[in-house]
Amino acid sequence: MKSRYTKLINIHWVMLAVLFLSLQGKAVASESAKLTPSLSGFCNKLEQRFKKYGWEKSDCESYSWLTYRNSVLGDPLTWTVFGDASDEDKPSFKQKDVSIIMCGVHGDEITPIKFCFDIMGYLRATYDDPKLKEEFANKIVIVAPLVNPDSFFKGRPTRVNARGVDVNRNFPTKDWTKDARKLWISHFRKDKRRNPGLTASSEPEVVFQMNLVKRYGPDKIISVHSPLTMLDYDGPNAVVDGFVDGTKAHELLIQMSKDASDYKIQNYPFFPGSLGNWAGKERDIPTYTLELPTSDPAKSAQYWKLFKTAIHKAIAHDLKDPKIVEKVAPEAKPEVSPDIKPSISTTEDPSSAEVAKTSPQLIN
Ligand SMILES: [Zn+2]
């Protein structure tokens, strides 16, 4: 009788344990169910493209995405955060070194999109690595791997967004109203690939980039494009008349080039409405435009291998500068858009860039 009673108790314990475990499972499931139908659809489309280009899986669904607004055609404009940004609204966050990395600003530049996912995979492993944890303790990295999804998801990817606007020519730079459309009409003969739009910051993909910058107040921005085979810098203490000064931002530029087999550094002209102009020139945020050598998807692995060290060191390279922080601070608060409810969190992002200085024939 006694043993039967004990058996019964044991069965109850087993049942309780099973119930507990199943509830645990549910908790985990709802944690990862942060993936909304919109994000899930986005990840599915992305995975199909990765397959088409012969790339390994993106693991898109495994990342914690933040999204606040959609592209013109309704895909979520997303970013993910590496490092502890839980103190984002507190003064302590200002002490952290923040990098924003953006890819897929121009959807027909195929290789940068895979490049950002390679960075994300690498960062995920890095932040989990006890040896590297310390080096990255004070580092926040914001990655927006596909700034312009509409242009990438088209049957035949395009440079411009769904409304035919180049989202690296639509930033509200000081010269935009006066020069953007004039230059496009007179100099570029209304080249459809470079259409700056009818008004500055008219495109959600541009507002997205701007708000990322405003929200996180980055110490540096890296925007990845292709296929101009160069590294360009815009920002404080820019290279003047070929003279490279000794600022930390320039040291990083040179370091990145060295780490990538002396990759070509070129001071490319910037255009009205470009990220380099808006963030680098007008806001003094060191902005690096990395132009990969080609848009050939078969070369993706090769490019990641070439730039892995440079990207690691760029993130680790502390550009924290009190003067720069001071300059960006007034705009650093997240924008509240009453029209769009955050689907996951209340953040926005920004960035895009492309710079052009010497030969307007080359466009990034
Ligand atoms: Zn580009």
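**Ground rules**

I call a residue buried if 20 or more other C-beta atoms lie within 10 Å of its own, exposed if 12 or fewer do, and partly exposed in between, with C-beta atoms placed from the backbone. My helices (H or I, at least four residues) and strands (E, at least two) are DSSP runs, numbered from the N terminus. What I have open is a predicted model, where local features need pLDDT of at least 70 and side-chain atom pairs count only at pLDDT 80 or more, while totals for chains, interfaces and linings use all residues. I number residues from 1 along each chain as its sequence is written.

**Overview**

I started with the whole chain. The secondary structure comes to 11 helices and 7 strands. Of the 364 residues in the chain, 45% are buried. For contacts I take two residues whose C-beta atoms, placed from the backbone, lie within 7 Å. Among contacts between residues at least 6 apart in sequence, 81% join residues at least 24 apart.

**The sheet**

Next I traced the strands. I count two strands as paired if DSSP finds at least two bridges between them. In general, strands of a sheet pair through backbone hydrogen bonds, either parallel or antiparallel. Here I get an open sheet of 7 strands with mixed pairing, in the order β1-β2-β4-β3-β5-β7-β6. At the edges sit β1 (66–70) and β6, each pairing on one side only. On average, neighbouring strands of this sheet are turned by 20 degrees against each other, direction ignored. For such angles, axes are lines fitted to C-alpha atoms (for helices over the stretch in contact), and values run from 0 to 180 degrees between N-to-C directions.

How many residues of β6 (residues 230–234) are buried? I find 5 of its 5. I then looked at what β6 pairs with: 5 bridges join β6 to β7 (residues 287–291), and the two run antiparallel. Asp234 has Thr287 as its bridge partner in β7.

I moved to β4 (139–144). Here 6 of its 6 residues are buried. Lys139, Val141 and Val143 point one way, and Ile140, Ile142 and Ala144 the other way. On one pairing, 3 bridges join β4 to β2 (residues 76–82), antiparallel, with Thr80 opposite Val143. On another, 6 bridges join β4 to β3, parallel, with Ser99 opposite Val141. From β3 (residues 97–102) I went on to β5 (residues 220–225): those two pair in the parallel sense over 4 bridges. Met102 stands opposite Ser223 in β5. Helix α10 (residues 300–316) lies across β3, β4 and β5, running at about 125 degrees to β4.

**The core**

A nonpolar core, in my notes, is a set of buried Ala, Val, Leu, Ile, Met, Phe, Trp, Tyr and Cys residues joined through C-beta atoms within 7 Å. Which members of the largest one touch the most others? Among its 77 residues, they are Ile100, Cys116, Ile142 and Val143. Helix α3 (residues 110–128) gives the most to this core, with 8 residues. I also checked Val143 by itself: leaving out residues up to four places away in sequence, Val143 touches Trp79, Thr80, Ile101, Cys116, Ile119 and Met120.

**Helix α6**

In α6 (residues 176–186) I list Trp176, Ala180, Arg181 and Trp184 as buried. They cover an arc of only 80 degrees around the axis, which puts them on the same side of α6; the arc is that of the directions from the helix axis to the C-beta atoms. On the other side, Lys178, Ile185 and Ser186 are exposed.

I gave Leu183, also in α6, a closer look. With 18 other C-beta atoms within 10 Å, Leu183 is partly exposed. Leu183 touches Phe188 and Pro272, not counting residues up to four places away in sequence. Its C-alpha atom is separated by 9.6 Å from that of Pro196, 13 residues apart along the chain.

**Helix α7**

My last stop was α7 (residues 204–216), with 13 residues that should span 18 Å at 1.5 Å a residue. The expected span is 1.5 Å times one less than the number of residues. The end C-alpha atoms of α7 are 18 Å apart, which agrees. I find 13 of its 13 residues buried. After α7 comes Gly217, whose phi is positive, near 50 degrees.
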